[in-house]
Amino acid sequence: MAQAVKVVAITGASSGIGAATARRLAADGHRLFLGARRTDRLEALTEEIAAAGGSAAFQRLDVTDAADVRAFVSAARERYGRLDVVVNNAGVMPLSPLEALRVDEWDRMIDVNVRGVLNGIAAALPVMRAQGGGHFVNLASVGAYEVSPTAAVYCATKFAVRAISEGLRQESTGNIRVTLVSPGVTESELADSISDPAAREAMQAYRAVALPASAIADTIAYAVSQPAQVDVNEIVVRPAASAQ
C-alpha cells in the first residue's frame with residue numbers, strides 16, 4: 001500500500017543530511033519545502049528534484065531568527081496548503097577545548113542547535129495543532145548520549161535537543177509525533193566549522209569511518225513513512241565499524 005503524500009519542511013537543506021533527506025523524501029513522492037542560508041545550493045537541489053519528477057520549493061532561512069522561521073513555515077503552508085513534517089536538521093559543530101574560551105562559537109552552537117530547533121517547534125506546532133496532526137523529526141547526535149573532549153558545548157546542545165524532543169513527545173496528545181534521530185559519524189560539512197587546530201586534527205581521525213548522509217536520510221524516511229498510530233521516538237545510527 002502506497003504511503004500518503006506529505007508536505008515536509010527541512011531546515012539546513014543545502015548540504016549533508018538535509019540535502020540527502022530532501023532527495024530521499026522527494027523520491028518517495030513527498031512535497032518538499034527547503035530552507036537554508038545558501039540559496040544557490042537550494043535552487044540547484046530543487047531543480048535536481050524537479051528534473052527527477054519530484055516536487056520541491058525553497059526559501060532562504062536563518063533558524064536563529066524566530067521571525068524568519070515563522071515566515072518559512074507560513075510559506076510552506078501557503079504553497080502546499082498544509083505542513084505535515086518538520087525536519088529540524090540545521091546544526092553547527094565548531095569543537096574546541098573549553099579552556100580555549102571560544103565563547104562566540106559556544107553562542108553560535110546554542111543559537112543554531114538549540115534555539116533553531118525551538119524556533120522550528122514554535123513556528124510549526126500551532127499549525128499542526130490546528131490541522132489535527134503533524135510530525136517533528138529532530139536531528140541530534142550520538143553526542144546527545146555521551147560527552148567527549150573538545151565537544152562539551154556541542155554535546156550539551158544535543159543533550160538539549162534530546163530533552164526538548166522527549167518533552168514535546170510527552171506533551172503530545174497523540175496527534176503530534178516526535179522522532180529524535182541521532183547519527184554517529186556521518187559524511188557532512190559539520191567538521192568544516194572547526195577552527196581550533198587540535199580539535200580539527202582529532203576530528204579528521206575520528207571521521208575516518210563515516211556513514212553516507214543517505215543512511216540518515218533512509219532512517220528519517222522510515223520514521224516519516226509509519227502509519228499515524230505509530231510514533232518512532234528515538235533512533236541512533238552508527239557506522240558498523242565504529243565504537244563511537
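**Helix packing, from chain to residue**

Of the 244 residues in the protein chain, 49% are buried (under 20% relative accessible area; exposed is over 50%, partly exposed in between, with a 1.4 Å probe and protein chains only). This is a predicted model, in which local features need pLDDT of at least 70, side-chain atom pairs count only at pLDDT 80 or more, and totals for chains, interfaces and linings use all residues. Residues are numbered from 1 along each chain as its sequence is written, and side-chain values use heavy atoms, leaving out hydrogens and water.

The chain has 7 helices and 7 strands. Both are DSSP runs numbered from the N terminus: helices are H or I with at least four residues, strands are E with at least two. Their order from the N terminus is β-α-β-α-β-α-β-α-β-α-β-α-α-β.

Start with helix 7, residues 213-225. Helix 7 has 13 residues and spans 18 Å from first C-alpha to last, close to the 18 Å expected at 1.5 Å a residue. That expected span is 1.5 Å times one less than the number of residues. Its buried residues are A213, I216, A217, T219, I220, A221, A223 and V224. What covers them includes helix 1, strand 4 (85-88), strand 5 (134-139), strand 6 (176-183) and strand 7 (234-237).

Now the partner, helix 1 (residues 16-27). The axes of helix 1 and helix 7 come within 8 Å and cross at roughly 55°. The pair is therefore oblique: under 35 degrees would count as roughly parallel, over 145 as roughly antiparallel, and 65 to 115 as roughly perpendicular, with the rest oblique. Axes here are lines fitted to C-alpha atoms over the stretch in contact, and angles run from 0 to 180 degrees between N-to-C directions. The crossing is right-handed, meaning that the near helix is turned clockwise from the far one by less than a right angle.

Which residues touch? Helix 1 supplies G16, I17, A20, T21, R24 and L25. Helix 7 supplies A213, S214, I216, A217, D218, I220 and A221. By class, the contact holds 8 nonpolar, 3 polar and 2 charged residues. Ala, Val, Leu, Ile, Met, Phe, Trp, Tyr, Cys and Pro count as nonpolar, Asp, Glu, Lys and Arg as charged, and the others, Gly among them, as polar.

Next, helix 5 (residues 152-171). Helix 5 has 20 residues and reaches 28 Å end to end by C-alpha, close to the 28 Å expected. Buried here are V153, Y154, C155, T157, K158, V161, I164, S165 and L168. They pack against helix 4, strand 5 and strand 6.

Take V161 from that list. V161 has a relative accessible area of 0%, so this residue counts as buried. Beyond its neighbours within four places in sequence, V161 contacts N113, V117, N138, L139, A140 and L180. V114 lies 47 residues away in sequence, yet 6.3 Å away in space, C-alpha to C-alpha.

Last, two backbone details in loops. T150 sits in the loop between strand 5 and helix 5. T150 is not a glycine, but has a positive phi of about 75°. T150 is partly exposed, at 25% relative accessible area. L101 lies in the loop between strand 4 and helix 4 (103-131). L101 also has a positive phi, about 55°, without being a glycine. At 59% relative accessibility, L101 is exposed.

Definitions and conventions: Contact = heavy atoms within 4.5 Å.
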